[in-house]
Amino acid sequence: MESNKKLMNAQEMRASNVGQQVSGKFLILDKIYRKTKDGKDMYNLRLGDSSGDIDAVVWENCRLTGTLVSGAVIGILGDMGNFAGKNQITAKIIKVLDEDPSVYLKQAENLDELKLHFEELVQSITDPYLNDLVNEIFDPAAREIFFRAPAAKRIHHNYPGGLLEHSCQVADLVIKMAASYPYLNKDLLLFGALVHDIGKTVEYKNGATPQYTTEGKLLGHIVIGSEIAGQKIALLRATGKYFPQQLEWMIKHMILSHHGSMEFGSPVIPLFPEAFVLHVADNLDAKMYIFKNKLQENSGEEEYFTNYDNFFAQQFFTYRYSGPDEPDKQ
């Protein structure tokens with residue numbers, strides 16, 4: 001690595017101009033090996049630090065020291081390019097570094113406060129059946145795993161504590177919705193918000209970066225979550241506690257339908273109000289995370305717009321109106 005090059009973070013790199021030489025230190029979040037049509041080896045990397053992530057492509061002519069594996073810290077020097085509307089690094093030099101990967105991980109903000117808020121939300125469920133079940137699902141061991149888990153591999157809240165952050169935000173949203181629609185069952189909604197993504201504690205491995213488990217790839221967190229709820233209900237009944245069959249159906253349905261449609265991974269669509277509200281709140285929080293992060297990007301070729309994003313099939317408008325009392329801010 002060239003010591004005289006300014007090290008940039010991921011957010012700065014995303015805002016760099018095509019053709020600009022860039023260098024930085026990152027965690028390898030994901031690695032995909034490919035072989036081109038003419039038989040050449042290449043890797044697509046997703047690199048990250050506490051500011052976000054950036055893609056890189058590694059061709060055979062890259063000077064590589066060490067072995068590229070997910071979870072490794074690397075130093076990289078390359079040229080900024082653009083592929084499919086997204087800035088990415090074409091690597092020239094990569095060196096695998098012996099550094100603590102946790103330094104490069106994005107973390108949930110105010111994790112201790114989130115844990116306390118989670119406990120308050122759990123305790124606020126007054127329905128005896130739902131209260132027994134939520135504490136059975138979140139036993140002490142499960143709580144520790146849940147608090148460290150990511151909410152996704154890439155799209156939203158994809159960092160340690162991200163699942164806790166997302167679940168608490170969804171819970172806060174459904175509480176507000178329940179206040180607007182008094183006929184909704186607040187306890188059922190709150191339970192669904194806290195538990196809807198519990199399958200992600202099994203879907204992903206605990207490690208430096210979110211990686212799928214075999215079970216996660218084969219079943220997905222929606223099915224796993226429904227199975228966890230069913231297993232815990234069976235345990236309660238095995239101890240002699242009564243649990244209504246209709247409520248079991250509703251809980252499983254909320255988990256299975258929270259993505260809203262088969263197109264997005266749910267085997268069923270929401271069929272009662274609380275299931276629909278849970279889907280809306282889950283979708284809203286995920287989408288707001290995406291918009292917030294896109295607003296921080298400044299790599300679009302057009303003023304006020306990001307480049308077209310193939311994954312989301314849209315551009316994002318980045319101008320922010322600051323009100324009449326302040327100068328306009330972009």
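A residue is called buried here when its relative accessible area is under 20%, exposed when that area is over 50%, and partly exposed in between, with a 1.4 Å probe and protein chains only. By this definition 47% of the 330 residues of the protein count as buried. The model is a predicted one, in which local features need pLDDT of at least 70 and side-chain atom pairs count only at pLDDT 80 or more, whereas totals for chains, interfaces and linings use all residues. Residues are numbered from 1 along each chain as its sequence is written, and side-chain values use heavy atoms, with hydrogens and water left out.

**Overall form**

- The protein has 10 helices and 6 strands, these being DSSP runs numbered from the N terminus, with H or I over at least four residues for helices and E over at least two for strands.
- Its radius of gyration is 22 Å, close to the 20 Å that the globule rule gives for 330 residues, so the protein is as compact as a globular protein of that length; the radius is taken over C-alpha atoms, and the rule is 2.2 Å times the number of residues to the power 0.38.
- Taken along the principal axes, the box filled by the C-alpha atoms is roughly 70 × 50 × 40 Å.
- Of the contacts with a separation of 6 or more, 57% are accounted for by residues 24 or more positions apart, where contact means heavy atoms within 4.5 Å.
- The protein exposes about 17,100 Å², of which carbon and sulfur atoms supply 54%, by the Shrake-Rupley method with a 1.4 Å probe.

**Strand pairing around β1**

- Strand β1 (residues 21–35) pairs in the antiparallel sense with strand β5 (residues 73–83) over 7 bridges, and Q21 has D79 in β5 as its bridge partner; two strands pair if DSSP finds at least two bridges between them.
- β1 also pairs in the antiparallel sense with strand β2 (residues 41–49), over 8 bridges, and here K35 stands opposite D41 in β2.
- The hairpin of β1 and β2 has 5 residues between the strands, and in this hairpin G39 takes a positive phi near 85°.

**Nonpolar cores**

- The largest nonpolar core has 50 residues, of which F118, F138, F191, L194, V195 and I251 touch the most other members; such a core is a set of buried Ala, Val, Leu, Ile, Met, Phe, Trp, Tyr and Cys residues joined through side-chain atoms within 4.5 Å.
- Helices that each supply at least two residues of this core include α2 (111–123), α6 (186–195) and α9 (245–257), while the largest share, 9 residues, comes from α5.
- Leaving aside its neighbours within four places in sequence, L194 is in contact with F118, L121, V122, I125, F138, F146, S167 and A171.
- A second, separate core of 20 residues includes M13, V22, L47 and V58.

- S257 has its place in helix α9 and is buried, with a relative accessible area of 0%.
- The side chain of S257 reaches the backbone oxygen of H253 at 2.7 Å, and, leaving aside neighbours within four places in sequence, S257 is in contact with S266, V268, I269, P270, A275 and H279.
- E303 lies in the segment after α10 (273–295) and counts as exposed at 54% relative accessibility.
- E303 and Y319 are 16 residues apart in sequence and 8.7 Å apart in space, C-alpha to C-alpha.

Note on methods
Polar contact = N/O pair within 3.5 Å; in protein donor to acceptor, adjacent residues only side chain to side chain.
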